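Have the sequence and the 3D view open as you read.

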Amino acid sequence: NEDIDANIIKSIYSAYDKAKSEASQGTTEGVEKKVVVKDSNENVLGYVYKVSGRHEYGSMTLMVAIDASGKLVDVAIVKNGQTAGTGAPIKNLIDTEYTGGLGLSDIDGIHAVSGATLGSDLVKNLVKAAFAEHNGGAQ
């Protein structure tokens, strides 16, 4: 939903101006949408990638914000269709491990959460897909 996406982007980049920003379809597997986030003066604030994927226990959609220098700004959960009980550990993993300033090479060092290993791996793969799109799209 466009309104949900816009609200999440606004929560990450408070100066986000939807009318001035540019959305396009992603080219990397799992990347649904790329948004060049701009303010009202058309200054680029950063980039947000809407990424989705699934495994045998459910699907997940995230918004991954990356700045112009290729560093992680934030990760927000749009939809978590994982097995019941894994939502809180996954949210905690994202909030504590996927912190601003991480680069792509830092993502591999993030360990899975016990009891939500597949969900943790899915988050990692989705964040890496956003970085792949940021770094030039499908390889």
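## What sits on helix H4

The buried residues of H4 are covered by, among others, strands S2 (31–38), S3 (44–55), S4 (58–66) and S5 (72–80), plus helices H2 (87–97) and H3 (104–107). Helices (H or I, at least four residues) and strands (E, at least two) are DSSP runs, numbered from the N terminus. This is a predicted model, where local features need pLDDT of at least 70 and side-chain atom pairs count only at pLDDT 80 or more, while totals for chains, interfaces and linings use all residues. Residues are numbered from 1 along each chain as its sequence is written, and side-chain values use heavy atoms, leaving out hydrogens and water.

Which residues of H4 are buried? The list runs Gly119, Ser120, Leu122, Val123, Lys124, Leu126, Val127, Ala129, Ala130, Phe131, Glu133 and His134. Here buried means under 20% relative accessible area, exposed means over 50%, and partly exposed is in between (1.4 Å probe, protein chains only). H4 covers residues 117–134, and its 18 residues should span 26 Å at 1.5 Å a residue, which agrees with end C-alpha atoms 26 Å apart. That expected span is 1.5 Å times one less than the number of residues. After H4 comes Gly136, with a positive phi near 120°.

## The nonpolar cores

A nonpolar core is a set of buried Ala, Val, Leu, Ile, Met, Phe, Trp, Tyr and Cys residues joined through side-chain atoms within 4.5 Å. The largest one has 26 residues, and those touching the most other members are Val51, Leu62, Val64, Val75, Tyr98, Val123 and Val127. S2, S3, S4, S5, H2 and H4 each put in at least two residues, and H4 gives the most, with seven.

Leaving aside residues up to four places away in sequence, Val123 touches Met60, Leu62, Ile90, Ile94 and Tyr98 (contact means heavy atoms within 4.5 Å).

Glu133 is found in H4. Glu133 is buried yet has no salt bridge, and the nearest side chain of opposite charge, Lys34, is 5.6 Å away. For charge, Lys and Arg count as positive and Asp and Glu as negative; His and the chain ends are not counted. A salt bridge needs a side-chain nitrogen of Lys or Arg within 4 Å of a carboxyl oxygen of Asp or Glu.

What Glu133 does have is a 2.8 Å polar contact between its side chain and that of Thr28. Such a contact is a pair of N or O atoms within 3.5 Å; within protein, one must be able to donate a hydrogen and the other to accept it, and residues adjacent in sequence count only if both atoms are side-chain atoms.

How many salt bridges does the structure hold? There are seven. In one of them, Glu2 pairs with Lys33, with the closest N and O atoms 3.4 Å apart. Glu2 lies in helix H1 (residues 2–12) and Lys33 in strand S2, so the pair ties together parts 31 residues apart in sequence.

Lys33 also meets Asp5 in a salt bridge (2.8 Å, N to O), and both Lys33 and Asp5 are buried. Another salt bridge joins Glu22 and Lys38 (2.4 Å, N to O). Since Glu22 lies in strand S1 (residues 22–25) and Lys38 in strand S2, this pair ties together parts 16 residues apart in sequence. Through shared partners, salt bridges join Glu2, Asp5, Lys33 and Lys50 into one network.
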